[in-house]
Amino acid sequence: MKKNLITIVIAAVLVMIFALLLFTFQVRQSEVAVLTTFGKPAANNLDQPDLYFKWPWPIQQVYRFDKRTQNFEDKYSENLTADNTMLLTSVYVGWRISNAKDFFPKFAGGSVEVAQRQLETMLRSAKAAVIGKHNLSDFVNPDPKQLKLEAIEDEIKTAVQNQLATQNYGISIDFLGVKKLGLPESVTQTVFDRMKSERQVLISEAQFQGEAEATKIKSAAERQAADVLANAQAEATRIEGSGVAEAAKTLAVFQQNPELAIFQLQLEALKNSLNQKSTLIFDERTPPFSLFQNLPANTQTK
Amino acid sequence: MSDAGSQALAEALRSSFVIVKLALAALLVVIFAAGFFTVGPQEKAVILRFGKPQGEAQKMLLGAGLHWSLPYPIDEVIRIPITEIQKVSSTVGWYLTSPEMELAGTEPPAGPSLNPQIDGYVVTADRNIIHTRATVSYHIDDPRTAIFNFANGTNQQFNLAGVSNAVQNAVNEALILSAARFNVDDIITRDIAGFQDAVSQRVSELAEREQLGVAIDQVQVQSVAPRQLKDVFAMVTTARQNRDKLVNDALSEQNRIASQAGALAASITNAAESARTRYVTAIESDAMAFTELLPKYESNPNLFAQLELAKAMTQILTNVQDKIFLPQRADGKPRELRLQLNREPPQPKSAANP
């Protein structure tokens, strides 16, 4: 009897597996499914991952869609800006099937490719409309406040979203961004010419700046040096003056006997002036040679 | 039915039951064994139970090794090629080149213009055209989002191609948007780091806003001037370097002049200082001498003067080089004295010229 129990359990498991395969289906994390009964879609999208019950074919049928975000990039295409500049742009779009029930009757077999062709058409008109409203300075600008590239992306996104909503395509756009931004080929050449002349200006500017700057620095340095020296001279004069002032205090000493003071000074001056390498011419009136005057007459010349 | 017949039938049934039981048991074993799967080093696996990924955040990803899952209708194992660090490079902004050329360090010849279909570039804020490219390293922060929210075009396959594509486009957008607000000189020379930061910041911002489930680790940006204008851009760099050199030379000259002037000023004031000291001490010593001599002088001024003069004359006569004594003429008339100021060196006497 125990053996039979095992047999029954095994059989039950197998039957269950078979029943699971026949009467249920799974929706994976990345999917959304629509269940049709005799071809008529159910009211709800099955967009939560789980195990769902269904009657076997041909009563009910499951249509699965990838609900993950798809990447779509449109062709690099030309549009005129408001100030008549031809601009080349390409955008990338992250889009996904948000409502499979609406989505799959509109595109043959729920084809992603067909949907993307539709998206491309919408993008083309949205881009033309949005770019035509903006000047080139909205696309490139050193002032972050005037740069409107992000706003332009949002405008294109909103335009496409509005179209999708009115048409009820069951598609939603998660994000949209500029992938490429360029100029027509012939324009690039003129841009190069302009860039070249701008560079030439920069070259000569750098040359002049260097010389001017160097001269400025040097002359400033020289002026400062002159100032420093002039200050030093003034300081020197002041110091010497203070010396004289200090010495003047001692003058009181000499005032006790100005005659002696002057005599001493003269004597000192005499000593200093009649130093080496000088020639002294004197006659007998100069002391101490005055002694010669009183010598006997035989020394007298004729 | 005879007993023998029914017994044979029972025997046959029993034996066939045994076979069926064995087969069923074998089937169970097979089903159980089929639940084992291995994960390689360059991939991760996720178990979907009734379509729902098992485990939260990083625990969702099963690493290398042996794992077990329930059989198919319940569990499904999906494998994702994944490495620790993901890398992706921008696809816009650079001129057409090949990996071979990159390795060799060469570049394709530059035409007079850029073909928008082939050559990538970005337009800067000051409407210059330059080439720039970026490489982004990132890691998967939220596997559920990164794996299950982004498709790569092929239906029902799971890998990171979808999210990698989204990151790549985020980098492309970041390059174009950042270039649109930076001037050419900032991107190429003056503020390379600033531009890189702007791109990096924008990529992270987009990754967050577009909910890519990735975290940006690093963004490296490389920017160059168009090949067509390489020379003239290099000339600007050279001119700027020359300018800097001129300025630096001038600055060192400035230092030299300043320190020279400082030294000279110091020597002037020092000289004045010592002159003052000398002067003051000289006067003071004179004063001292004066004070000492005063009593002597006052006792007999004339004698004192005569003595002092005589003393001085002794010293003077010792020091003086030439002494010429010129006595008075007998008749008392003044003598005429000729002074030859330009003293000639004494000439040797010869026989011809006595």
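Two strands pair if DSSP finds at least two bridges between them. Helices (H or I, at least four residues) and strands (E, at least two) are DSSP runs, numbered from the N terminus.

The model is predicted: local features need pLDDT of at least 70, side-chain atom pairs count only at pLDDT 80 or more, and totals for chains, interfaces and linings use all residues. Residues are numbered from 1 along each chain as its sequence is written, chains are lettered from A and ligands numbered from 1 in the order in which they are written, and side-chain values use heavy atoms, with hydrogens and water left out.

**View 1. Strands 8 and 9 of chain A pair in the antiparallel sense.** Ten bridges link strand 8 (residues 86-97) to strand 9 in chain A. Within this pairing, Arg96(A) stands opposite Ser172(A) of strand 9. Ten of the twelve residues of strand 9 of chain A are buried, so this strand is largely enclosed by the rest of the structure. Buried means under 20% relative accessible area, exposed over 50%, and partly exposed in between (1.4 Å probe, protein chains only).

**View 2. Strand 6 of chain A has alternating side chains.** The strand covers residues 70-73. Gln70(A) and Phe72(A) point to one face and are buried. Phe72(A) has Val93(A) of strand 8 opposite.

View 3. Phe38(A) sits in the loop between strand 2 (31-37) and strand 3 (40-41) of chain A. With a relative accessible area of 65%, Phe38(A) is exposed. Asn168(A) is partly exposed, at 41% relative accessibility.

**View 4. Chain B meets chain A.** Here 124 residues of chain B are in contact (heavy atoms within 4.5 Å) with 109 residues of chain A. The two chains bury about 10800 Å² between them, 67% of it on carbon and sulfur atoms. That buried area is the accessible area (1.4 Å probe) that two parts lose on being put together, summed over both.

**View 5. Polar and charged links cross the interface of chain B and chain A.** There are five salt bridges between the chains. A salt bridge is a side-chain nitrogen of Lys or Arg within 4 Å of a carboxyl oxygen of Asp or Glu. One of them joins Glu76(B) and Arg28(A), at 2.3 Å, N to O. Helix 7 (residues 230-299) of chain B supplies 37 residues, the largest share of the side of chain B that touches chain A. By class, that side has 72 nonpolar, 26 polar and 26 charged residues. Ala, Val, Leu, Ile, Met, Phe, Trp, Tyr, Cys and Pro count as nonpolar, Asp, Glu, Lys and Arg as charged, and the others, Gly among them, as polar.

**View 6. Thr269(B) lies in helix 7 of chain B.** Thr269(B) is buried, at 18% relative accessibility. Leaving out residues up to four places away in sequence, Thr269(B) touches Ala232(A), Glu235(A), Ala236(A) and Ile239(A).

**View 7. A parallel strand pair joins the two chains.** Strand 10 (residues 279-282) of chain A and strand 10 (residues 322-325) of chain B share four bridges. Phe325(B) is the bridge partner of Phe282(A).

Notes:
Polar contact = N/O pair within 3.5 Å; in protein donor to acceptor, adjacent residues only side chain to side chain.
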